[in-house]
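Keep the strand order in view as you read.

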Amino acid sequence: MSTTVELATVPTADTPGTCIYVHHEKRSYVFGHVAEGTQRAFSSRKLHLGGTEHIFLSGAVGWSQMGGLVGYLLSVGGALDAAKDFRATENSKRVEKGRKLLRQVRDGSVTVHGADNLSHILASVRPVIFRQPVSVRAMEQRDDPRGADPALTAPDWEDESIRVWKVPVRRARPSSPTKRRRSSAASDTSSNGRYKPAAEPSDPSVARLVMERIMFNGSHDKAVLVPKNINELTPDDEAILIEGTSMRRYTGPYGSDAPKSFSNGARAWVFPDPEAAPPKGDADGINAITHCALPRTSYSETSMSYIMKCHERRGKFNAQAAKELGVKPQNFKLLTAGETVTTENGTVVTPDMVLGERQPGKGIAVADIGSREFLETFFERPEWTITEIMSHVTSMYWILGDGLASDPKIQQYIKAHPDIKHILCSPNTCPNMVSNPSSAEMLAKLRRIDPERFPFVTFDNTVDYDTPEGISSIELGRAGHKLQLMPRVFYKDDSIAPFTDLGIAFNSVEEEALELAQKAKAKATDPEFLARIERQEADIPNRDAEIIPLGTGSSVPNKHRNVSGTLIRVPGIGNYLLDCGEGTLGQIKRLFGPDGAAAVLRDLRCIVVSHLHADHHMGMTTTIKAWHEQTLADKRGDALLAVSCIGRYRTVLQEMSQVEDIGFHRLRFPSCAASSRERDPDLTTAADLAALGAADSFGLRGIKRIPVAHCWRAYATELELTSGLRVAWSGDCRPSSSFAQACRGAHLLVHECTFADDMQDHAKYKMHSTWGEALGVAREMQARRTLLTHFSQRYGKADALQHGGEDDAKPGEGGEREASVLLAHDLMRVKLGDFQKAACYLPAIEKFMSKTGEA
């Protein structure tokens with residue numbers, strides 16, 4: 001029974017957190033961060049998500065630490081569903097053949113351990129996540145396990161495989177007064193407009209009930225809350241009370257005393273017993289908790305670290321000694337199980353007579369110090385000096401904020417413990433290497449064919465850290481770093497992820513495709529061809545606008561494609577994001593590098609959220625926070641950012657902002673009504689935009705939203721810029737004539753194209769569009785240029801979606817066809833005025849794609 005520890009991710013541009021994957025037989029555990037990009041990295045490294053039972057989040061709770069957790073949990077649920085479907089299908093076949101049935105798939109249950117506000121963040125996404133097939137339990141560390149007795153050595157949590165000591169570290173209190181926190185909702189202000197921060201983290205019970213019983217309840221069945229009058233409640237009821245627009249846990253008084261304590265508008269909703277049959281009823285309770293606010297919380301003040309050790313194991317069995325004592329081989333297993341055996345001649349043989357010395361349980365420490373505010377209090381913790389707890393810890397994974405690896409206190413501790421391997425995981429000790437090689441290599445190959453549209457990703461395989469002299473126990477973190485803890489300790493250096501050589505990929509393109517690329521270049525640079533384009537496109541504004549697909553996949557990220565996000569860069573006006581799936585900021589950083597990413601963020605004007613499916617917005621918090629911090633660094637604290645979304649999503653961001661400063665006070669919501677009692681507007685005019693306070697109205701003349709068939713309140717959106725440029729984005733939808741008519745004559749249509757034409761029925765069932773249907777919308781809209789994106793992740797091979805040929809070209813001058821449609825690839829860069837030039841390369845790209853095994 002081996003126990004291994006692997007670094008699944010370390011800090012890079014697109015995997016900002018350190019994630020440690022622990023595997024013991026069929027059980028898996030995660031320690032550290034589950035940041036955005038984690039599940040994509042798991043896919044790249046072929047690590048299994050489905051077996052995860054416990055996640056131990058280190059550090060202070062915030063979206064930067066756990067931005068990939070929701071997607072991770074959804075993927076675990078998806079894996080469970082797939083396993084159950086396979087079992088059902090396979091067992092039906094086995095019944096017919098009279099074969100033994102497959103055993104029951106394990107009940108999907110994941111426990112997430114973390115610091116204060118864990119439940120709050122998970123519950124804040126309740127408008128978009130509910131009735132998931134995986135059961136999730138939150139264990140929020142609110143007390144000090146060694147507060148009463150610092151010498152206490154018993155583990156704080158254990159199962160039959162591992163033991164865990166939880167080390168909560170409080171943020172050091174500054175000597176100066178706390179700065180006023182501005183990322184708050186208007187409802188969190190006093191009469192004079194100043195923000196009143198909550199004094200301490202909120203009671204997590206409301207958020208935990210919502211998260212465990214409604215969102216991740218282990219069943220696709222409809223969740224129902226039971227309404228009760230206040231005086232009907234009993235102490236056994238797990239109920240929440242809604243007063244006005246806020247929720248709180250109801251804890252009494254009960255019976256006849258209850259009504260005296262509440263206003264006439266108070267109403268209670270009872271969460272049903274999870275072990276009992278679900279009650280019948282409507283969705284009123286679910287709607288109520290979705291629309292009402294969680295109890296207000298404060299910024300996270302605790303950072304978690306952990307010590308994990310295996311259980312001790314029996315010593316090696318001495319078969320020869322057992323035989324000499326007269327034990328029959330069939331009884332060996334009794335001795336190894338700890339039982340006593342009596343031989344035929346009456347000799348009593350005990351396990352200690354045939355077993356070697358017991359093996360102590362070896363372990364690791366996860367030391368998370370995200371900022372200097374936690375440095376002093378970290379080393380004040382007693383766990384680091386208690387021999388019984390730290391004995392047999394072989395490796396210490398230091399998850400550090402930028403620059404902390406060189407801190408004298410940390411280096412002093414490392415020097416004082418030379419018997420422990422110290423793995424440093426921080427932005428300046430880990431190389432910003434390519435973390436998704438399949439995608440980067442494909443982009444390099446496409447660059448060989450069309451260098452104007454397909455760039456190399458940026459990376460840096462060096463580190464800005466000098467290992468101190470005289471300390472040999474330090475190792476710099478690298479993805480794939482693997483350690484076997486039990487039964488014996490050794491490091492598997494051959495599993496470390498190698499540096500990707502994009503030059504090899506670049507030079508691997510076959511000659512046949514290169515010959516076609518040369519012909520394409522000749523056509524794309526032909527003066528007559530270019531002159532014709534100039535004449536045809538003279539009426540298109542902002543032809544230098546650049547369209548950059550940041551994610552072209554659907555549902556979940558994988559090694560080939562990230563999830564939804566398209567960046568539109570309009571020189572002189574600003575940058576616009578059409579949806580913002582998990583990992584969007586990482587894609588920006590990976591493509592543009594530090595300086596280029598800063599330029600993209602400082603010019604970001606508006607983000608569109610088309611609908612509430614997770615793959616379209618889980619990168620919002622990280623991206624907004626990065627914009628906020630960049631504009632503050634630029635001394636532009638008065639800059640504003642527009643977010644076009646429904647009012648319910650505004651509430652998600654509002655509740656996120658209570659945990660960490662994301663700049664919520666600087667966001668404007670042009671597509672949201674002023675209050676929850678009003679209807680969100682579908683049309684935002686220039687006057688509406690001007691009233692939001694941005695000097696140039698975010699570079700927009702108007703926002704038009706068109707309801708489309710996909711899910712509850714899904715919208716297609718048209719942005720009209722002040723220059724007259726019109727950009728239409730379908731979001732996810734069935735083909736919509738209303739959308740086509742409302743945006744007739746749009747200069748750019750970005751349309752989803754989830755399935756090929758041979759999956760028409762599946763597209764209808766999933767409420768998506770096929771290739772042909774998307775092109776039909778483009779024709780009806782008379783869109784000047786069309787980019788197709790959002791491909792099903794089933795299309796792993798590049799040739800899965802074939803180009804449409806002449807059917808997607810427009811009639812042009814002199815009978816020439818005007819190529820107007822392109823397929824999106826992650827991180828391609830195409831200017832609005834270069835669609836026809838890019839189309840010249842399509843035969844070469846298609847030839848190359850038909851030869852390659854992956855996209």
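Which residue is the bridge partner of H54 in β6? The partner is T111. This is a predicted model, in which local features need pLDDT of at least 70, side-chain atom pairs count only at pLDDT 80 or more, and totals for chains, interfaces and linings use all residues. Residues are numbered from 1 along each chain as its sequence is written, and side-chain values use heavy atoms, with hydrogens and water left out.

Strand β4 (residues 52-57) and strand β6 (residues 109-114) run parallel, joined by 3 bridges. Helices (H or I, at least four residues) and strands (E, at least two) are DSSP runs, numbered from the N terminus. Two strands pair if DSSP finds at least two bridges between them. The open sheet has 8 strands, ordered β7-β6-β4-β3-β2-β1-β21-β22, with mixed pairing. Its edges are β7 (135-140) and β22 (490-491). Each has a single partner strand, so one side of each is left without a neighbour in the sheet.

Two helices pack here. Helix α1 (residues 38-45) touches β1 (3-9), β2 (19-24) and β3 (27-32), and its direction makes about 120° with that of β1. Contact means heavy atoms within 4.5 Å. Axes are lines fitted to C-alpha atoms, for helices over the stretch in contact, and angles run from 0 to 180 degrees between N-to-C directions. Helix α3 (residues 69-97) lies across β3, β4, β6 and β7, at about 175° to β4.

Now the other open sheet. Its 4 strands follow the order β10-β13-β11-β12, with antiparallel pairing. At the edges, β10 (226-228) and β12 each pair on one side only. From one strand to the next, the twist averages 30°. Between β11 and β12 there are 4 bridges, and I240 stands opposite R249 in β12. Helix α5 packs on this sheet, touching β11, β12 and β13, with its direction at about 95° to that of β12.

Helix α6 (residues 284-291) also lies across β11, β12 and β13, running at about 110° to β13. G285, I286, A288, I289 and T290 are its buried residues. Buried means under 20% relative accessible area, exposed over 50%, partly exposed in between (1.4 Å probe, protein chains only). The partners of these buried residues include α5 (205-215) and α18 (647-656).

Finish at strand β23 (residues 546-551), where 6 of 6 residues are buried. It pairs antiparallel with β24 (residues 565-570) over 5 bridges, and I548 stands opposite L567. Another 2 bridges join β23 to β38 (residues 830-831), also antiparallel. There, E546 stands opposite K831.
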